[in-house]
Amino acid sequence: MVTHINSAFDDDIKDLNNKIAKLGALAETQLDETLVALQKKNIYKFEKIIERDKKLDKINDSISASVFETLALWSPIAYDLRSILVADKIGSMLERIGDYSKNMARRSQIIVNEEHFETLPVNIIGLGQHVQNLLHESLDAYMELNIDEAMRIWESDVDTDRLYLSIFKELLSYISDTPDDVKMLTHMIFISKNLERVGDYTTSIAKQTYFLVEGTVPKSERPKASIII
Amino acid sequence: MPDMPDENYKIKTNDVTVDYGDKRALHGINLNIQSNQVTSLIGPSGCGKSTFIRCLNRMNDLIMGCHVNGSILIDNTDINLPETDIVELRARIGMVFQKPNPFPKSIYDNVAYGPRIHGLTKNKDDLDHVVTKSLKRAGLWKEVSDRLDASGLSLSGGQQQRLCIARAIAVNPDVLLMDEPCSALDPIATAVIEELINELKERYTIVIVTHSMQQAARLSQKTAYFHLGEMIEFDDTSTIFTNPKHEMTESYITGKIG
Ligand SMILES: Nc1ncnc2c1ncn2[C@@H]1O[C@H](COP(=O)(O)OP(=O)(O)OP(=O)(O)O)[C@@H](O)[C@H]1O
Ligand SMILES: [Mg+2]
């Protein structure tokens, strides 16, 4: 590891990275607990998840404050500058991922409370686990500066899109078959959409990792599934 | 490097080598400098920045045992040819040195010196005007306007440096070489000089040596990184400070040890 002659800068960067790691771990927990509670119909869990979102907001605020201060005090350039800008962006993305989990917890709460809800009619949990893996892998790639892995994640966005699309189509057909369940099914559509959005953020994290290491954004066009049907 | 038609380069150096006695200070430098731009030279102490910049107006001629080889073309003319008129060359290629070196004369005479010997002014009024204007542009006028007869040496270090900048621009050079012109200046005086450099580049070609990375970034369009007498990297300033190609450049500008 190449270190700065003035090691106080390295200490500031280390602090920033620790905050990102903490925020990343919390974002993963929020997503995981939401999916598990939905699957297990654990009605008592959701309030806790919703309440915990404030913690993520707080850490992200503290990341923004550190970024601002580090830029002002050190005037970093080249890799140093990228590392701070990227930390700022990834911090905001993790905070947004937290917001999606909170939103999914709210909707799950409504679904699980429905009298005749038994099990999920579509594989939302499968989509969720796919996105969870992406989140975990994208954070690992970022922490390890692994651009091969980052590129793989960046290009795999199409899989998330396909999974989401098939769930969406299934839910549409359920809505026309059982119009009484429209409220519940609509919440499921939103949950799936939220998961798809979290997937998008994981590819953005991967893209930021590439930019951090290479100083440019990836050139190749990535494959896209058509979301519009 | 973007391809440029040759004639757009104000200064072209080809395989420039400098020796001080048997010690080689520059190893085959090839650097082409565009007109109406600011080019920064950066690099660790002793890497040869001052040596290089001194080649451009033959200041190394004055140093015993210093030998310059290779070709240096300014406006496509080799400045090292024996028929070069050195006085005329140095009027065209002005220089501000790393250490302020005012003449032991009055503030007024320091600035008036160049215009006088080159016969650039018609009369006393004209000369007064050039002296005032140069001192203003160098950001020194307010501090010295009431004591133009005082010795240049009575000024503070930073004031002396601004006096030397006023002296250099008083003759309206084509090319301005500045060796760490702001190292002794406070932030306000630095901003004044930077603004001056920005304005001068519309007409002049400016080469500046600086140890402030932020100054190189703020001022210049092109940056060259020197290390141990070699030019390691030369590129657009924006590239050097966002994404340098060479690891040595990156380590240097971000203050790292490998
Ligand atoms: N007059 C001289 N006689 C002998 N060696 C010299 C002379 N001037 C410079 N050198 C040597 O040439 C090398 C380059 O010196 P130079 O002054 O060009 O460095 P620099 O990049 O301007 O450094 P700094 O940032 O400290 O001003 C150094 O090793 C220096 O010791
Ligand atoms: Mg020097």
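**Helix packing, metal site and selected residues**

Helices α1(A) and α3(A) are roughly parallel to each other (angles under 35 degrees count as roughly parallel, over 145 as roughly antiparallel, 65 to 115 as roughly perpendicular and the rest as oblique). The structure is a predicted model, in which local features need pLDDT of at least 70 and side-chain atom pairs count only at pLDDT 80 or more, whereas totals for chains, interfaces and linings use all residues. Residues are numbered from 1 along each chain as its sequence is written, chains are lettered from A and ligands numbered from 1 in the order in which they are written, and side-chain values use heavy atoms, with hydrogens and water left out.

In the pair formed by α1 (residues 7-40) and α3 (residues 78-113) of chain A, the axes come within 9 Å and cross at roughly 20 degrees. Axes are lines fitted to C-alpha atoms, for helices over the stretch in contact, and angles run from 0 to 180 degrees between N-to-C directions. Helices (H or I, at least four residues) and strands (E, at least two) are DSSP runs, numbered from the N terminus. The crossing of α1(A) with α3(A) is left-handed (the near helix is turned anticlockwise from the far one by less than a right angle; clockwise gives a right-handed crossing). The contact of α1(A) with α3(A) contains 16 nonpolar, seven polar and two charged residues. In this classification Ala, Val, Leu, Ile, Met, Phe, Trp, Tyr, Cys and Pro are nonpolar, Asp, Glu, Lys and Arg are charged, and the others, Gly among them, are polar.

Helix α3(A) also packs with α2 (residues 45-74) of chain A, at an angle of about 165 degrees and with the axes 9 Å apart. The angle makes α2(A) roughly antiparallel to α3(A). This crossing of α2(A) past α3(A) is left-handed, and the contact has 13 nonpolar, eight polar and eight charged residues.

In chain B, α3(B) and α4 (residues 124-137) have axes that come within 9 Å and cross at roughly 115 degrees. These two helices are therefore roughly perpendicular to each other. The crossing of α3(B) past α4(B) is right-handed.

A:Asn17 belongs to helix α1 of chain A and is partly exposed, at 31% relative accessibility (buried means under 20% relative accessible area, exposed over 50%, partly exposed in between, with a 1.4 Å probe and protein chains only). A:Ala78 is part of helix α3 of chain A and is buried, with a relative accessible area of 1%. Most residues other than glycine have a negative phi. A:Ala78, which is not a glycine, has a positive phi near 50 degrees. A:Leu135 is placed in helix α4 (residues 124-144) of chain A and is buried at 1% relative accessibility. A separation of 8.0 Å is found between the C-alpha atoms of A:Leu135 and A:Val198, which are 63 residues apart along the chain.

A positive phi also occurs in chain B, where B:Asn76, not a glycine, has a value of about 65 degrees. B:Asn76 is located in the loop between β4 (66-74) and β5 (77-78) of chain B and is partly exposed, with a relative accessible area of 45%.

The magnesium ion (ligand 2) has B:Ser50 (OG) and B:Gln98 (OE1) as its protein donors, at 1.9 to 2.5 Å. Because B:Ser50 is in helix α1 (residues 49-55) of chain B and B:Gln98 is in the loop between β6 (93-96) and α3 (107-117) of chain B, the pair ties together parts that are 48 residues apart in sequence. Donors are N, O and S atoms within 2.8 Å of the metal (3.2 Å for Na, K and Ca); water is not among the atoms, so sites may look incomplete. B:Ser50 is buried at 16% relative accessibility, whereas B:Gln98 is partly exposed, with a relative accessible area of 36%.

Over all chains, the structure holds zero disulfides (a disulfide is a pair of cysteine sulfur atoms within 2.5 Å). For B:Cys55, which is in no disulfide, the nearest cysteine sulfur is that of B:Cys66, 6.8 Å away. B:Cys55 is buried, with a relative accessible area of 3%. B:Cys182 is likewise in no disulfide, and the nearest cysteine sulfur, from B:Cys164, is 13 Å away. The relative accessible area of B:Cys182 is 8%, and this residue is buried.
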